[in-house]
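Subject: Structure handover

Hello,

The sequence and structure are below, followed by notes on what was found. Please keep both open while reading.

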Amino acid sequence: MMHNPSKVRQKIMKKWIMGLRSCSSSHENLSLSERRWIIKLSADLALASVRNGSRRWSRAIIEEASRNPDNKGLIQRMLGSGCDYRSPCLIPREGRSDGNGAGHVTKSMWVATSSKKIVKRCRRARRSNGRAPRRNEAASIAKRLVKKRTQLLKDFVPGGQDMDDVSLIEETLDYIVWLRAQVDVMRALAHSLPATTSI
Amino acid sequence: MSSRSRSSRHQGSSRISDDQIVDLISKLRSLLPEIRNRRRSDKVSASKVLQETCNYIRNLHQEVDDLSERLSQLLQSIDPDSAEASIIRSLIM
């Protein structure tokens, strides 16, 4: 799923370090929590930027970070004004009525209609059946559980709330692979630094 | 991958096919370390795969937070006169 994992990690590391360096002027006077915030935010943005906006989750990371005005500077320095999340290389905001930056109006409308049709079809079938055999009951319980777990998954994938089920799983597959790369990069840096002598 | 699945969804069918979902769930399953280590003969339900996926992503997020915390402490506590400090300074500070 990832052509060249080590090259991806290199790109993430490079972008991340570039983000950290861009904050270097204030580095001396940062509190521990400010420093931690910068480290995490630049790592997340590095991941999103290396994915280059071709995935909904990567655009969502940038959108969510942009909502905090304190992050604007770092976002601009890392992603540049040439390719921020509103540039042509990423899907423009104008496609959505709720202002959420993804041009997926047609697809989600289609999915909403088709899932309503499926629910209507199931309800009709159950009514005409009369009795409710245990097997159908188990199947509908399983379906409800899948629905519930799918809803939970939406909270874990950036931008997941706006996705239909199929997109959600596709995005999840992609997100996991790339998120792992980000973790590998962060782990590598943490292990390469000398251990702290102070407690 | 995205272009392939986009075209298959627009094939005129108005249903999300069960096969598509099964296929995606099995791909998800192959990514999860917990489930992958089990015997292949064990059947794993879709809901279990989704649950494990949520747990896995949550753990990865937690690791990002922990590593950020650790890195902030490491960078803070470096003896500013040491050789390592100057290397790190040139790299990331």
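The side chains of A:Gln182 and A:Asp44 are joined by a polar contact of 2.9 Å. A polar contact here is a pair of N or O atoms within 3.5 Å; within protein, one must be able to donate a hydrogen and the other to accept it, and residues adjacent in sequence count only if both atoms are side-chain atoms. This is a predicted model, in which local features need pLDDT of at least 70 and side-chain atom pairs count only at pLDDT 80 or more, while totals for chains, interfaces and linings use all residues. Residues are numbered from 1 along each chain as its sequence is written, chains are lettered from A and ligands numbered from 1 in the order in which they are written, and side-chain values use heavy atoms, with hydrogens and water left out.

A:Gln182 sits in helix α7 of chain A; helices (H or I, at least four residues) and strands (E, at least two) are DSSP runs, numbered from the N terminus. With a relative accessibility of 1%, A:Gln182 counts as buried, where buried means under 20% relative accessible area, exposed over 50% and partly exposed in between (1.4 Å probe, protein chains only). Leaving aside neighbours within four places in sequence, A:Gln182 is in contact with A:Ile12, A:Ala43, A:Asp44, A:Leu47 and B:Val64; contact means heavy atoms within 4.5 Å.

**Chain A and its loops**

Chain A has 7 helices and 0 strands. Of its 199 residues, 43% count as buried. Among contacts in chain A with a separation of 6 or more, 57% are between residues 24 or more positions apart.

A:Arg55 lies in the loop between α2 (32–51) and α3 (56–66) of chain A. This arginine is buried, at 7% relative accessible area, and its side chain makes a polar contact of 3.5 Å with the side chain of A:Glu171.

A:Val157 is in the loop between α6 (134–156) and α7 of chain A, and is buried at 2% relative accessibility. Beyond four places in sequence, the contacts of A:Val157 include A:Trp57, A:Glu171 and B:Ile57. A:Val157 and A:Ile169 are 12 residues apart in sequence and 9.5 Å apart in space, C-alpha to C-alpha.

**Helix packing**

Axes are lines fitted to C-alpha atoms, for helices over the stretch in contact, and angles run from 0 to 180 degrees between N-to-C directions. Angles under 35 degrees count as roughly parallel, over 145 as roughly antiparallel, 65 to 115 as roughly perpendicular and the rest as oblique.

Helix α7 (residues 165–192) of chain A packs against helix α2 (residues 18–31) of chain B at about 15 degrees, with the axes 10 Å apart. The two are therefore roughly parallel. On the α7(A) side the contact includes A:Val166, A:Ile169 and A:Arg180, and on the α2(B) side B:Gln20, B:Leu24 and B:Leu31.

Within chain A, the axes of helix α1 (residues 5–22) and α2(A) come within 8 Å and cross at roughly 135 degrees, so this pair is oblique. Residues meeting there include A:Ile12 and A:Trp16 of α1(A) and A:Ala43 and A:Leu47 of α2(A).

**Cysteines**

The whole structure has 0 disulfides over all chains, a disulfide being a pair of cysteine sulfur atoms within 2.5 Å. A:Cys23 is buried at 6% relative accessibility, and B:Cys54 is buried at 4% relative accessible area.

Regards
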